[in-house]
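Open the structure in your viewer and keep the selection tool ready. We will go stop by stop.

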Amino acid sequence: MTRRGVAGVAIRAIELYRTMISPLRPASCRFTPTCSQYAVDALREYGAVRGSWLALVRLAKCGPWHRGGWDPIPERPRSDVVRGRTPAKLRTPRR
């Protein structure tokens with residue numbers, strides 16, 4: 001199974017949870033977006049391994065010791081900035 005395939009299976013499992021189990025429980029998520037939406041976003045953006053890790057870390061924060069609030073998935077670093085290069089549009093012209 002491909003990397004995206006494994007993430008797709010996990011996303012379908014989360015969607016099944018959302019439709020079958022979540023409606024039976026009282027709404028209690030202290031984060032925005034909800035933990036299930038965060039997991040879906042992380043899996044779509046980063047794939048099965050890193051997306052699952054990010055989702056597990058987020059679930060570990062779910063407790064009275066964390067106040068919650070806005071907690072989106074981390075943005076991917078831009079490859080040109082990571083490599084120490086500046087995009088052509090941002091370079092200052094030489095004189």
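This is a predicted model: local features need pLDDT of at least 70, side-chain atom pairs count only at pLDDT 80 or more; totals for chains, interfaces and linings use all residues.

**Stop 1: the core**

Select Ala 7, Ile 11, Ile 14, Ala 39, Val 40, Leu 43, Ala 48 and Ala 55. These eight residues form the largest nonpolar core. Now colour helix 1 (3-20) and helix 2 (35-60), the elements that each give two or more residues to this core. Which helix gives the largest share? Helix 2 does, with five residues. In soluble globular proteins, nonpolar side chains tend to be buried together.

**Stop 2: Ile 11**

Leave out residues up to four places away in sequence. Ile 11 then touches Val 40, Leu 43 and Arg 44.

**Stop 3: Ile 14**

Move along helix 1 to Ile 14. Is Ile 14 buried or exposed? Its relative accessibility is 17%. Buried means under 20%, so Ile 14 counts as buried. Draw a distance from the C-alpha of Ile 14 to the C-alpha of Ser 36. The two residues are 22 apart in sequence, yet 6.5 Å apart in space.

**Stop 4: the pocket**

Select Tyr 17, Cys 29, Cys 35, Ser 36 and Leu 59. Of the 20 residues that line the largest pocket, these lie nearest its centre. The space inside is about 500 Å³. Helix 1 and helix 2 each supply at least two residues of the lining. Helix 2 gives the most, with eight. What kinds of residue line this pocket? The lining has 13 nonpolar residues, five polar and two charged.

**Stop 5: Arg 58**

Go back to helix 2 and select Arg 58. Its relative accessible area is 1%, so Arg 58 is buried. What does the side chain of Arg 58 reach at 3.1 Å? The answer is the backbone oxygen of Asp 71. Then turn to Pro 33. Its backbone oxygen lies 2.4 Å from a polar atom of the Arg 58 side chain. The list is Phe 31, Thr 32, Pro 33, Thr 34, Cys 35, Tyr 38 and Asp 71.

How values were computed: Residues are numbered from 1 along each chain as its sequence is written. Side-chain values use heavy atoms; hydrogens and water are left out. A nonpolar core is a set of buried Ala, Val, Leu, Ile, Met, Phe, Trp, Tyr and Cys residues joined through side-chain atoms within 4.5 Å. Buried means under 20% relative accessible area, exposed over 50%, partly exposed in between (1.4 Å probe, protein chains only). Helices (H or I, at least four residues) and strands (E, at least two) are DSSP runs, numbered from the N terminus. Contact means heavy atoms within 4.5 Å. On a 1 Å grid over the protein atoms alone, a cavity is a set of points where a 1.4 Å probe fits but cannot get out, and a pocket is an open set with protein on both sides within 12 Å along at least five of seven lines; lining residues have an atom within 4 Å of a point. Grid points are joined across faces, edges and corners, and a volume is the space filled by probe spheres set on the points. Ala, Val, Leu, Ile, Met, Phe, Trp, Tyr, Cys and Pro count as nonpolar, Asp, Glu, Lys and Arg as charged, and the others, Gly among them, as polar. A polar contact is a pair of N or O atoms within 3.5 Å; within protein, one must be able to donate a hydrogen and the other to accept it, and residues adjacent in sequence count only if both atoms are side-chain atoms.
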